[in-house]
Amino acid sequence: AEIVAVGTELLLGQIANTNARWMSESLAAIGVDVLRHQAVGDNLERIVEAVRLASSRADVVIVTGGLGPTQDDITRDAFGVLLGAHMVRHPELEEMLRDKFRSFGRREMPESNLRQADVPVGAKYIAPSRGTAPGLAAELPGGVRVYAVPGVPEELVEMMEGTILPELASATGSGVVRSRVLRCAGIGESALAERVDDLFSGSANPTIAFLASSGEVKVRITAKATTVSEADALIEPVAEEIRRRLGDEVFTVADESLEEAVVRLLAGSRERLACAESITGGGVGARITSVPGASEAFIGSAVVYTNEAKTSVLGVSPQTLE
């Protein structure tokens, strides 16, 4: 699959493309490989170009955004160009729109909203429950499936979960995709990768990927199989070997943050933590106290920034500071 996000606001950096992340995760869970993301502005020619490019290299293209009622919402027009078809207004969609506006407590519906009742010939619509924007589904020459869903996250999720994911899951018949993440601290990404290089290059299923962030490296192991238990069985020996090689640098194999692991270990050993923080500005205490139950292990932080505060609050001598 390929995902095409429509909206000039994405290119201006005014909003983050969180829809693509959620869609990729959901598609992977049903065995659909997302190979590329595109983002394109509210321009008819460029939207058509982006979808044509995506359809030349993917089995499924999902377009998000541009299904609203205003002049810059032109995804349905792009579908018309792609299908070489004119628009047909669906009376049942028009009635649905009027009913929704009445339910909103509005007497008059702007006439511009009727654009949302237009569907290109050859396409099917996906009726919305939450918003007013119907989705679209069509098949392009060559058998490529193309869907369009609203950019509003709640409306997108509704159509993905209610229509698109079930259709694609039925079509793939490829089982499930499972991932396990080992989170590591105290080791850099390149050093970690060197230790497991043979595992990385020697396995196609499961695959191994590295994700580095500040102070932490994640090792993601992903397997495809017909059942969850089969996928987990493929992951387990690889995960165990990585844990053996990295030792204590793997701080968790569960879905927990570094601070959650710290609180868990402290509480388990009945040890308590107190901090004196300077340059962090209280950042350590903030992370620790974000964990439910942190009071079992964390006494608190003295946040001292100036030398005067270090002397008066913590009793650090001027000579030590000098």
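I started with the second largest pocket, whose volume is about 380 Å³. The model is a predicted one. I counted 28 residues lining this second largest pocket, and Glu9, Gly65, Gly66, Gly151 and Val152 lie nearest its centre. I sorted this lining by class and got 11 nonpolar, 12 polar and 5 charged residues. I then looked up which elements supply at least two residues each to it, and noted strand S1, helix H1 (8-11), helix H2 and helix H6 (153-172).

Next I turned to the largest pocket, which holds about 640 Å³ of space. I found 20 residues in its lining, with Glu25, Ala28, Ser179, Arg220 and Thr222 closest to the centre. Here I noted 9 nonpolar, 5 polar and 6 charged residues. Which element gives the most to this lining? I found that H2 does, with 5 residues. I also noted strand S9 (176-184), strand S10 (207-213) and strand S11 (216-225), which each supply at least two residues, as does H2 (18-29).

Last, I traced the open sheet of 6 strands, and wrote its order as S2-S1-S3-S8-S7-S6, with mixed pairing. I marked S2 (36-40) and S6 (124-126) as the edge strands, each pairing on one side only. I looked up Ile62 and found Tyr147 in S8 as its bridge partner. I then saw that helix H3 (residues 44-55) packs on the sheet, touching S1 (2-6), S2, S3, S7 (135-140) and S8. I recorded about 170° between the direction of H3 and that of S2.

Notes. Residues are numbered from 1 along each chain as its sequence is written. This is a predicted model: local features need pLDDT of at least 70, side-chain atom pairs count only at pLDDT 80 or more; totals for chains, interfaces and linings use all residues. Side-chain values use heavy atoms; hydrogens and water are left out. Two strands pair if DSSP finds at least two bridges between them. Helices (H or I, at least four residues) and strands (E, at least two) are DSSP runs, numbered from the N terminus. Contact means heavy atoms within 4.5 Å. Axes are lines fitted to C-alpha atoms, for helices over the stretch in contact, and angles run from 0 to 180 degrees between N-to-C directions. On a 1 Å grid over the protein atoms alone, a cavity is a set of points where a 1.4 Å probe fits but cannot get out, and a pocket is an open set with protein on both sides within 12 Å along at least five of seven lines; lining residues have an atom within 4 Å of a point. Grid points are joined across faces, edges and corners, and a volume is the space filled by probe spheres set on the points. Ala, Val, Leu, Ile, Met, Phe, Trp, Tyr, Cys and Pro count as nonpolar, Asp, Glu, Lys and Arg as charged, and the others, Gly among them, as polar.
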